[in-house]
Amino acid sequence: MDQVTAREASAAPASPGRDDAAAGPVSAPAGSAAPHLRAVLAGIGAYLPEHAVSNDELAKTVDTSDAWIRERTGIRQRHIAAPHETCAFMATQAARAALADAGVAAGAVDAIILATATPDQAFPATAVRVQAALGAGGFGFDLSAACSGFIYGLSVADAMIRAGQVRNVLVIGAEVYSRIMNWQDRGTCVLFGDGAGAVLLRAEAGGAGGASARGILSTHLHAQGDLADILYVDGAVGQPDKPGHLVMNGREVFRHAVTRLAEAVGEALVANGLTGADVDWLVPHQANMRIIEAVGRRIGLPAEKVVVTVDQHANTSAASIPLALAAAYADGRIRPGQLILMEALGGGLTWGSALIRL
Ligand code: UT7
């Protein structure tokens, strides 16, 4: 088992000679004295496919029922991508919305980190398709950590910002799980949906640090590869004629999810000297209402402080946290200054948590 914790690292300055209006080549600075840099969340955006499919509609072609799906998972509907709604298309739409929210031009983006298990092609990375569509500079790459991908992406972006390598980073979660579903397997095909969410992280200097400062306070990543066979994609991803299908031992994943996610949220709080009472919102990975409630209970959070979108979006893997964040931000629940705790678990198994003050 592996663990990486990023917190209160000292940092070097952003690359000299660059401004926010134009991004050029980005290189890691050669160690000069530096202010503390923090990764502040400057913008949030989302994209959902136009077509929403209710449980009843699904039950016309799959041997299932609205009652079973709602009772076991809390899911009422999911969005399913049309052919033109590719991973890159949805990621670009979400990224544009995040940039507009932040008031940052695409040309000022230094890096695009795109978490996905359903890229449009094996390569090039979907992130560079997004870069081209946006007209962004810098560099981009895809990150594969299944449903934990957005938390992993935040962690990588945070480390690069603290190191002074980049100033403006798009972290995107984008998924088209409808294309890797086995529609004959009712145990999985009712659970997932498509969509994309994005945040723009911006380097900000200074501040005393601590849990009252804005930005990412800490991230906590884990993986346990000997559990790879309880949730995986068979076949070959990236080949249209052999796309591969998701396979899951739901009960086993459920069992690990409750335990590991409870540990991960506890770990984030302890690392920052906080308790559940300090948290304004839990924005969990949206896989199953029962798991979400169990984790909320673990840190003593009332249900009103837990953002839930699994009923509307189902499980959108790496997109689920930024989609939930965007929903609660758009309706005014999530506001600047608040403390947000995020957690996710997915294939790998991978799991992790992130604590951020908006
Ligand atoms: O994002 C990655 C992380 N993934 C997760 O967190 C998923 C974790 N797992 C789960 O959320 C749950 O295990 C599921 C929702 C996937 C399944 O719930 P469960 O309570 O563990 O059900 P089960 O798989 O044990 O199946 C119970 C019964 C079975 O029938 P029998 O054998 O008891 O007669 C299944 O055949 O439910 C049946 N079943 C269904 N019935 C109607 C399975 N899927 C369906 C379905 N509709 N879609």
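This is a predicted model: local features need pLDDT of at least 70, side-chain atom pairs count only at pLDDT 80 or more; totals for chains, interfaces and linings use all residues.
Helices (H or I, at least four residues) and strands (E, at least two) are taken here as DSSP runs, numbered from the N terminus.

**Cis peptide bonds**

Start with proline. The bond joining Phe123 to Pro124 is cis, its omega sitting near 5°. Where does Pro124 lie? Pro124 is in the loop that runs between β5 (111-115) and α4 (126-134).

**Positive phi values**

Next up, phi. Ala146 isn't a glycine, yet its phi is positive, near 50°. You'll find Ala146 in the loop between β6 (139-143) and α5 (149-162). Buried or exposed, which is Ala146? Its relative accessible area is 16%, and buried means under 20%, so Ala146 is buried.

Ser317 is another residue other than glycine with a positive phi, near 55°. The loop holding Ser317 lies between α9 (310-313) and α10 (320-330). Ser317 has a relative accessibility of 1%, so with the cut-off at under 20% Ser317 counts as buried too.

Here are the backbone angles side by side:

| Site | Angle |
|---|---|
| Phe123 to Pro124 | omega near 5° |
| Ala146 | phi near 50° |
| Ser317 | phi near 55° |

Technical notes:
Residues are numbered from 1 along each chain as its sequence is written. Side-chain values use heavy atoms; hydrogens and water are left out. Buried means under 20% relative accessible area, exposed over 50%, partly exposed in between (1.4 Å probe, protein chains only).
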